[in-house]
Amino acid sequence: MVVVTGRLTAKRPHPIAQLLWRRAALGVATLLVVATIVFLATEVLPGNAAYAILGHTASRARVIALEHQLHLNRGIFDQYWIWLTGLLSGRLGDSLANGMPVWGQVEPRLVNSAFLVLVSGAIGTVLGVGLGALAALRKDSFFDHASSVVFLGVAALPTFVVAIALIILLSTLVFHLLPAVSMISPGTYAWSQPRLMVLPVTTLVLIIVPYMQRMTRAAMVEALESDYVEMARLKGLSERRVVLVHALPNAVGPTIQVIGLVFLYLAGGIVVVETVFDFPGIGQGLVNAVADRDLPVIQIIVLILAAFYVVINILTDVIALLATPRRRIAR
Amino acid sequence: MGEMPTPLAIPLRGIAANPVGFAKAVPGSASTVLEVRGFEVRLGEHGVAIVTDVSFDVAAGEVLGLVGESGSGKTTIALGLLGHSRRGLAIAAGEVRLNGVDLLSIPARQLRNLRGARVAYVPQDPSAALNPALRIGIQLREALSSHQIEARAIEARLADILGEARLEANVLRRYPHQLSGGQQQRVALAMAFSCRPSLIVLDEPTTGLDVTTQRHVLDSVRSLCCLYDVAAVYVSHDLAVVDGLATTVAVMYAGQLIELGPTAEVFSRPGHPYTRSLLDAVPSPERAHVLQGIPGQPPPPGRRPQGCSFSTRCPWVIERCRMEAPTTQSVGNQQVRCHRASELRGSMERKMLVPTVRPVTSKASLLSVEALDAFYGDSQVLFGVDLTVDTDRCLAVVGESGSGKTTLARCIAGLHSNWKGKLRFDGQELARSARQRPSVALRRIQYIFQNPYTSLNPRHTVEQIVSQQLRQFFEIKAHERAERTRAALESVSLNERYLDLFPDELSGGERQRVAIARALVVEPEMLICDEVTSALDVSVQAVIIEMLRSLQQERHLTMIFITHNLALVRSIGQDIIVLRDGRVVDRGPSEAVLDHSDEAYTRQLMADVPRVEL
């Protein structure tokens with residue numbers, strides 16, 4: 001690794017290598033700060049974790065014993081140090097709620113949520129980008145105006161309203177096609193029960209598609225009305241080539257940024273969706289952990305979400321840079 | 001359609017150097033490639049007319065110069081020659097016959113096959129017209145491959161065309177942003193000529209290039225047109241550019257062709273008052289004269305008068321002009337759309353006034369620059385520049401793009417702070433950047449930017465733009481501020497109506513005048529003008545230059561006038577320095593330097609200036 005960077009800096013660092021390095025370093029720093037903030041935030045929450053676990057009827061002796069076990073009797077810096085070194089060495093500790101190892105509890109939820117985010121994100125991206133490009137190609141047509149109105153309407157709805165509306169429409173009051181809750185049986189992963197995935201995925205897709213559609217349309221319209229597209233037409237290129245080779249690559253940069261933002265949004269959106277549908281993901285896990293004052297679980301889930309943000313940001317920046325030669329290659 | 005001009009066959013001027021091109025264009029043997037008849041473009045299918053009743057012919061080997069101010073419809077016609085109209089516009093009537101085929105009535109697929117192959121387009125701004133996401137090689141190859149040229153032939157053709165356009169083979173692997181403006185335009189030329197079209201449409205291809213690059217591009221255009229015996233339509237607002245290139249010139253005004261004829265004859269004996277006015281606006285590199293701008297603006301589409309559309313600005317207007325729209329009439333070899341054409345042709349000579357320059361009163365220098373080195377990051381752009389600007393004088397700074405002239409101006413104004421050396425203004429040393437300079441020093445040096453389309457805040461009214469300066473530098477009451485704002489606008493001939501307008505409601509010339517008023521309102525002693533007319537039409541440029549000169553004389557301003565056009569120096573500069581690659585290579589009083597410099601580079605720059613030869 002050292003050899004490689006040495007050779008790169010000897011000439012001039014490649015813009016992408018440079019960006020990756022800088023962002024990775026910043027990302028690690030960000031995660032450390034987040035870890036600290038999470039620790040402090042959970043620390044200053046009112047109340048006493050030992051009481052919360054044992055209940056208010058617990059005897060004083062039992063509380064003290066538990067405090068001792070959880071290092072709650074130590075100073076705040078000691079606690080922080082113990083927690084941080086544990087985190088870095090992979091010892092995540094046990095849940096306060098049930099005494100089971102934290103990772104064992106979080107891991108299946110993480111897999112379920114990742115699956116939910118990926119499937120919704122993928123479907124949403126394809127639909128959003130496709131519909132956006134289509135609207136741009138048929139700018140000012142009936143389709144363009146109609147889709148604008150519909151998508152703006154949907155975009156104005158909060159996530160939980162969409163979720164509840166879908167439940168009312170598809171599983172309770174109007175039709176009874178799908179289960180209203182998505183309780184994946186313990187021990188199995190989400191993909192083994194696709195029927196249960198339909199409503200949460202649909203909700204998330206409905207939430208992100210309008211946004212993607214608007215942004216893709218704007219990027220594509222800008223590219224299609226540019227001088228270089230006019231020039232491509234005047235060169236006698238086929239319309240297909242004009243759109244795919246000349247307009248599209250220039251719309252990719254801005255679109256990638258939107259896709260990144262949408263995935264970031266999904267990481268937050270799952271908290272609501274998983275709660276509404278009772279879907280066993282980390283969003284629901286987080287809500288439950290907060291209710292249970294299960295500090296180690298809260299901390300690890302928040303850190304996972306933060307890491308996801310950092311990684312997605314780096315990825316979108318790199319892809320956007322790859323798609324924009326003007327920024328990638330110096331004069 | 002009885003008065004349609006007959007195809008004009010005139011020996012090529014400018015191209016005459018090439019015997020091949022010449023031979024093919026001798027009278028009688030020229031074959032008509034392009035015939036335009038009754039061409040009309042409207043805003044929407046039945047909306048306001050943008051361009052009406054345009055007819056002309058172009059023969060193989062012939063270059064037609066299509067000239068007019070911005071908004072006259074030049075680009076609309078240029079695009080129409082490829083059967084294309086911009087969004088919102090519609091080709092409403094007429095024929096554009098290319099080798100007998102009417103491009104306006106053939107199916108889209110057939111039109112697409114002709115575009116690029118039989119008729120090619122060279123855009124105005126190649127930096128916007130080349131796709132930023134694709135390498136040059138892809139963009140050049142697709143022009144060939146989409147027109148059924150075999151893969152084997154493509155590479156050979158590419159090599160040929162690069163050589164002809166004087167481009168290195170390594171441009172193929174580059175992206176547009178890695179090329180200079182001149183290279184980009186050569187790529188656009190190479191692309192246009194690559195399929196060996198029979199008609200090529202060039203839409204102001206040298207606007208935005210400095211004179212030297214412009215000359216090289218024009219040379220390429222000329223030799224390529226000769227080599228392939230193509231018919232060319234060259235659109236420009238600059239008569240001087242057209243003069244060296246075009247056999248025939250067509251002058252546009254308010255969407256109509258108002259004069260058409262052999263270039264030599266049109267320029268020496270113009271038949272239309274508008275053509276005369278355009279010629280008077282062109283600065284001459286040879287002799288100083290007062291540039292005659294054309295007062296007023298062309299009427300916009302939809303508000304064109306009932307009579308002759310030029311009647312509102314014409315010095316030779318008579319009652320009939322206002323009542324009755326003139327039709328085209330033949331006068332000699334010229335087609336002129338003017339009631340008085342036969343009477344006026346050749347008799348509109350106006351006396352060229354020589355600008356009066358106040359004799360030098362003081363020889364005190366207001367600004368001195370000593371050993372100025374300037375840097376952008378690691379690269380040095382100015383090397384030991386020394387100069388002084390005397391009080392009350394106008395120093396012209398001349399050089400190609402990249403010579404460092406704008407950097408020099410920015411250093412003096414404190415807009416660029418990465419420099420070493422000494423700047424002294426009125427005896428006081430100037431701090432490196434404007435932020436470190438006292439308010440009074442900022443007020444005394446004012447800067448006018450090149451592009452009035454970006455230098456005015458689009459969300460401020462003209463009044464706010466100008467009076468904001470007063471707030472910045474003077475503590476005066478509101479009514480006095482309003483008064484001074486009005487006075488400053490008046491000094492650039494803008495009346496009170498303009499106070500509440502926003503920049504996008506103004507023409508380019510009006511914007512630049514607002515920018516000048518913004519500088520003048522704080523009573524500066526030094527005015528730095530950075531290519532202030534390069535984004536403007538020649539006719540507007542004349543107005544601005546004359547305005548600046550009289551303001552400089554009246555107000556005893558010291559001025560630094562940056563330009564790449566030596567002809568302008570003749571009209572406004574009293575002293576001159578010539579910059580090349582960041583070094584001063586020539587200096588002196590402008591007459592002496594322009595007329596008999598010993599410096600080869602200065603003489604080369606002089607030779608590069610396009611001029612109207614009469």
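**A walk through a two-chain model**

Setting aside residues within four places in sequence, I528(B) is in contact with A409(B), I412(B), A413(B), I445(B), Y447(B), I448(B) and I560(B). These contacts come from a predicted model.

Together with V201(B), V233(B) and Y234(B), I528(B) touches the most other members of the largest nonpolar core, which has 241 residues. The element that gives the most to this core is helix α11 of chain A, residues 239-277, with 17 residues.

Helix α6(A), residues 102-137, packs against helix α9(A), residues 194-224, at an angle of about 35°. The axes of α6(A) and α9(A) are 6 Å apart, and the crossing of these helices is right-handed. What kinds of residues make up the contact of α6(A) with α9(A)? By class, that contact has 21 nonpolar, 7 polar and 2 charged residues.

The next place to look is where the chains meet. Chain A puts 18 residues into the contact, and chain B puts in 24 residues. On the side of chain B that touches chain A, the elements giving two or more residues are α3 (108-114), α4 (126-129) and α5 (136-145) of chain B. Of these, α3(B) gives the most, with 3 residues. Sorted by class, this side of chain B holds 12 nonpolar, 8 polar and 4 charged residues.

Back within chain B, T207(B) sits in the loop between β7 (199-203) and α8 (211-228). Is T207(B) buried, exposed or partly exposed? A residue counts as buried with 20 or more other C-beta atoms within 10 Å of its own, and as exposed with 12 or fewer. T207(B) has 18 other C-beta atoms within 10 Å, so T207(B) is partly exposed.

For the complex, the predictor gives an ipTM of 0.80 and a pTM of 0.80. Chain B has a mean pLDDT of 86, and 93% of its residues reach 70 or more. Over residues 1-29 of chain B, however, the pLDDT is below 50. In the model, this stretch of chain B has 58 contacts beyond near neighbours in sequence.

Note on methods. Residues are numbered from 1 along each chain as its sequence is written. Chains are lettered from A and ligands numbered from 1 in the order in which they are written. This is a predicted model: local features need pLDDT of at least 70, side-chain atom pairs count only at pLDDT 80 or more; totals for chains, interfaces and linings use all residues. A nonpolar core is a set of buried Ala, Val, Leu, Ile, Met, Phe, Trp, Tyr and Cys residues joined through C-beta atoms within 7 Å. Helices (H or I, at least four residues) and strands (E, at least two) are DSSP runs, numbered from the N terminus. Two residues are in contact if their C-beta atoms, placed from the backbone, lie within 7 Å. Ala, Val, Leu, Ile, Met, Phe, Trp, Tyr, Cys and Pro count as nonpolar, Asp, Glu, Lys and Arg as charged, and the others, Gly among them, as polar. Axes are lines fitted to C-alpha atoms, for helices over the stretch in contact, and angles run from 0 to 180 degrees between N-to-C directions. A crossing is left-handed if the near helix is turned anticlockwise from the far one by less than a right angle, and right-handed if clockwise. pLDDT is the predictor's confidence in each residue, from 0 to 100.
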